[in-house]
Amino acid sequence: MRVKAIRRFSVRTVLPEPIAALGELATNLRWSWYAPTRELFAGIDPDRWAAARQDPVRLLSELSASELDELAADESFVARVGAAKADLDDYLQARRWYQEHADGGAQSPASIAYFSPEYGITEVLPQYSGGLGILAGDHLKAASDLGVPIVGVGLFYKTGYFKQSLGPDGWQREDYPVLDPHGLPLSLVTEPDGSPLLITVDMPGEHSLHAHVWRAQVGRVPLLLLDSDVPGNDDAMRQVTNRLYGGGGEQRLQQELLLGIGGIRALRAWSRLTGAAEPEVYHTNEGHAGFLGIERISELTQQGMSFDEALEAARAGTVFTTHTPVPAGIDRFDASLVELYLGGAQELPGVPTERLLQLGAETYEGGASGIFNMAVMGLRIAGRANGVSQLHGVVSREMFDGLWPGFDKVEVPIASITNGVHAPTWVDDRVFGLAREHLGGGDLDVSEKWDEIGTVPGSEVWATKRELRADLVTEARRRLRNSWRNRGASEAELGWTESVLDPDVLTIGFARRVPTYKRLTLMLRDPERLKSLLNHPERPVQLVIAGKSHPADETGKQLIQQMVRFADDPEVRDRIVFLPNYDIAMARHLYPGCDVWLNNPLRPFEACGTSGMKAALNGALNLSILDGWWDEWFDGENGWAIPTADGVEDPDRRDDIEAAALYDLIEKRVAPIFYDTDEDGLPQRWLEMLSHTLSTLGPKVLATRMVRDYTERLYTPAASANAAVMGDGGSGARDLAEYKARIRQAWPSISVDHVEASGVSDSPQVGETLTVDAYVLLDGLEPADVDVQVVTGTAAIDSDDISDWSAHSLDFVESYSDGKSRYSGQVQIGRTGQFGYTVRVLPRHELLEFPSSMGLVANA
Ligand SMILES: *Cc1c(COP(=O)(O)O)cnc(C)c1O
């Protein structure tokens with residue numbers, strides 16, 4: 001008979017007093033990027049540390065009471081625990097960059113809420129599927145290091161994202177092991193009486209969705225995770241947070257309602273229970289958490305604001321980051337579904353159905369009716385928005401320009417902040433060790449250190465790199481063997497796995513999720529050509545490949561199968577491996593062990609990409625399509641750019657062209673440099689490129705650089721705007737709402753009546769001054785309500801377009817009884833060539849974030 005539990009719960013370890021601090025050291029996730037704490041745990045028992053998969057909570061739970069007592073009696077261990085705890089306390093309390101920065105007099109927010117549907121912090125907490133989650137984890141960690149007062153909000157998924165394995169035929173299999181939050185580095189948020197904090201969101205039909213809140217502590221940053229698997233819920237509601245990106249549209253909507261609306265409620269409770277400052281800024285990492293804006297509008301209306309005032313008040317402090325130009329990456333719900341959940345009897349107080357639906361409506365050219373678009377709502381409720389690389393900013397401004405009709409694309413108010421990666425998490429300890437030894441300790445954020453990287457002896461760099469490569473080879477063999485056992489092979493058949501890959505062969509890594517645009521199988525376009533590269537007699541390459549396909553994506557699974565079948569071929573299997581279950585744990589071996597990091601997305605669909613940054617920080621060179629961050633920072637010396645066949649319409653032909661370019665690069669450029677060694681066996685040119693990569697890319701790709709950018713360019717201005725609308729009982733929000741209503745009403749009849757120009761000769765020369773008088777019809781608006789601008793630039797020969805333009809405001813002169821007002825000003829003709837100018841009218845209010853924010857302009 002098999003005995004099955006009807007209920008299960010983990011019994012938490014009780015730690016003896018002298019080593020009680022191990023509890024906090026295990027649950028504060030700083031250990032995931034701080035080696036000294038990991039070493040403390042490893043030192044308890046290295047074998048069991050390995051068996052516990054380097055998970056401190058798990059290790060502690062597996063120690064018996066007598067073993068714990070023994071540790072508590074070991075004076076030197078107790079002293080080490082004490083020192084580690086003092087070190088953690090210091091980390092948690094010290095003044096850091098933000099505290100110094102806040103003293104600079106800027107309007108620095110006391111608290112910033114960061115919402116994300118996924119977080120990749122450590123493999124111990126598998127609450128992420130890919131780049132978006134890893135980025136969120138790195139954002140929190142870097143914020144902690146910088147002392148930026150962020151509080152994270154997310155969901156706790158009972159089975160996280162799936163574990164990937166392969167079937168005998170190479171088809172992806174998914175497993176969903178159930179996570180027990182009690183066995184994870186989480187603590188339940190409770191009321192003062194000890195009962196769990198309960199968050200509730202109303203559902204249709206008098207149902208309620210309840211959630212408990214788990215707190216993960218990420219260094220200084222608390223992360224609140226809502227969990228619907230609680231006793232008060234019926235079965236369906238308990239399932240809401242069962243899987244990350246599982247289920248269909250309706251479950252996704254339920255998750256997003258819990259994340260956005262429930263998330264705000266959790267934050268309010270968190271402040272009530274802990275005295276934490278109320279957030280002044282709300283940052284949503286992609287559109288999934290967008291309902292947070294709706295809940296905030298509802299809150300503000302309950303404090304006496306109208307819907308329009310509340311919208312202005314909520315907008316001021318909201319920051320929205322868009323992460324993808326791929327349409328499938330954007331949440332779009334049937335408007336009728338949203339109406340079912342938030343309309344009619346389900347309306348949130350103060351949020352009429354019709355106003356809600358307008359916020360997500362695709363009202364622009366090419367938009368669909370009856371759709372509620374979360375990115376569009378995100379942009380409408382956020383005063384500030386950004387894409388995640390320069391190129392992605394350009395692509396996003398084009399993609400969403402329908403929301404700002406009449407404006408040039410460069411004026412679409414979506415900025416760019418390029419992603420970064422958290423070095424202490426991703427850089428191998430041995431790389432850090434080498435840097436410490438030769439450059440001294442100290443802070444990676446101090447940029448002079450990066451410049452000195454060239455002084456580390458090449459022989460040591462190369463020896464370390466070999467060690468890391470050898471490590472990856474060992475790890476890859478282990479994983480490959482496990483995978484083959486899962487696929488049904490017997491031990492006796494697996495001898496060959498002992499010798500796959502070679503620690504001295506040029507190693508190329510390719511790992512990422514497997515949506516089509518990432519083109520996992522581009523390298524298989526010409527299998528014979530690839531084989532000849534792998535088996536080159538003098539200059540072979542080897543490939544380590546990994547990636548999960550979304551469970552519902554059959555195409556992705558086919559690509560994986562195709563890759564696996566290729567790698568199964570005895571002719572090449574020593575040189576190419578597909579390793580199942582790409583996750584943080586694998587990534588931490590993969591990046592350091594690779595010499596080259598390959599990325600070949602279909603440009604421009606890779607919004608940023610971050611794995612190449614992690615590889616670069618570990619001394620790998622990038623070989624990538626000029627997309628995302630690489631488009632911005634490839635400099636000819638830090639790796640190679642795979643030429644893109646942009647504009648070639650036939651996708652097959654485009655793939656053929658780009659794949660051929662990839663093979664050529666590997667064969668003719670990459671491998672020759674790698675194998676061109678001097679009498680000491682050192683590839684001098686390669687080492688130069690590596691050192692150049694670290695010293696120039698190093699400081700740029702850091703998540704601390706990214707979080708500083710967010711703080712200075714978005715959070716601080718958003719906090720100022722928030723203060724301006726909320727101050728004096730919300731008078732700013734009232735002014736702004738009243739102003740916008742007036743402007744919207746008047747705008748259809750605002751026009752530039754005519755323009756008079758004088759001051760330039762018949763054949764104008766550089767330096768001459770043009771005087772412009774513009775007569776504008778204001779239809780009852782005050783002259784100061786608008787900004788009248790002259791726009792000058794280079795006129796196209798064959799059209800009226802002006803390029804390279806700049807705008808200058810004209811001064812109001814006088815109004816006339818016929819309703820016209822005159823604005824006047826002068827511009828200098830600053831360059832030769834075709835000069836063109838025009839006049840336009842824009843809304844003007846001191847609380848508007850950008851001139852284009854309202855999407856209104858009257859062009860002459
Ligand atoms: C960094 C990372 C990613 C994201 O990589 P991209 O380059 O953005 O595709 C995905 N998964 C894991 C485990 C990572 O560490």
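The model is predicted, so local features need pLDDT of at least 70 and side-chain atom pairs count only at pLDDT 80 or more, while totals for chains, interfaces and linings use all residues. Residues are numbered from 1 along each chain as its sequence is written. Helices (H or I, at least four residues) and strands (E, at least two) are DSSP runs, numbered from the N terminus.

**Helix α2**

- Thr37, Leu40, Phe41 and Ile44 are buried in helix α2, which spans residues 35-44. Here, buried stands for 20 or more other C-beta atoms within 10 Å of the residue's own, exposed for 12 or fewer, and partly exposed for anything in between, with C-beta atoms placed from the backbone.
- Looking down the axis of α2, the buried residues fall within an arc of 90°, so they line one face of the helix. That arc is taken from the directions from the helix axis to the C-beta atoms.
- Pro36 and Gly43 are exposed on the other side of α2.
- The cover over the buried residues of α2 includes α1 (21-27), α3 (46-51), α4 (56-62), α5 (65-73) and α6 (75-93).

**Around the ligand**

- Which residues surround the ligand? They are Gly130, Gly131, Ile134, Arg512, Tyr582, Asp583, Ile584, Ala587, Gly609, Thr610, Ser611 and Lys614. A residue is near a molecule or strand if its C-beta atom, placed from the backbone, lies within 6 Å of it.
- At least two residues of this shell come from each of α8 (131-146), α23 (584-593) and α24 (611-617).
- By type, the shell holds 4 nonpolar, 5 polar and 3 charged residues. Ala, Val, Leu, Ile, Met, Phe, Trp, Tyr, Cys and Pro count as nonpolar, Asp, Glu, Lys and Arg as charged, and the others, Gly among them, as polar.

**The parallel sheet**

- An open sheet of 6 strands runs in the order β17-β16-β15-β18-β19-β20, with parallel pairing. Strands pair if DSSP finds at least two bridges between them.
- At the edges stand β17 (576-578) and β20 (639-642), each with a single partner strand, so one side of each has no neighbour in the sheet.
- From one strand to the next, the twist averages 15°.
- Helix α22 (residues 554-568) packs on this sheet, touching β16 (541-546) and β17, and its direction makes about 140° with that of β17. Axes are lines fitted to C-alpha atoms, for helices over the stretch in contact, and angles run from 0 to 180 degrees between N-to-C directions. Contact requires C-beta atoms, placed from the backbone, to lie within 7 Å.
- β15 (residues 506-511) and β18 (residues 596-599) share 2 bridges in the parallel sense, and isoleucine 508 has valine 596 in β18 as its bridge partner.

**Antiparallel pairings**

- A second open sheet has 4 strands in the order β21-β22-β26-β25, paired antiparallel. Its edges are β21 (751-758) and β25 (811-815), each with a single partner strand, so one side of each is left without a neighbour in the sheet.
- β25 pairs with β26 (residues 820-828) over 4 antiparallel bridges, and phenylalanine 812 stands opposite tyrosine 823 in β26.
- Elsewhere, β23 (residues 786-795) and β27 (residues 835-843) run antiparallel, joined by 9 bridges. Glutamine 789 has arginine 840 in β27 as its bridge partner, and arginine 840 also stands opposite asparagine 859 in β28.
- β23 is joined to β24 (residues 802-809) by 6 antiparallel bridges, with a hairpin of 6 residues linking the two strands.

**Backbone spots worth a look**

- Most residues other than glycine have a negative phi, and most peptide bonds are trans.
- Glutamate 286 has a positive phi near 75°. Glutamate 286 lies in the loop between β9 (281-285) and α11 (291-302) and is buried, with 25 other C-beta atoms within 10 Å.
- Aspartate 804 has a positive phi near 45°; aspartate 804 lies in strand β24 and counts as exposed, with 9 C-beta neighbours inside 10 Å.
- Arginine 603 and proline 604 are joined by a cis peptide bond, with omega about 0°. Proline 604 sits in the loop between β18 and α24.

Technical notes: Two residues are in contact if their C-beta atoms, placed from the backbone, lie within 7 Å.
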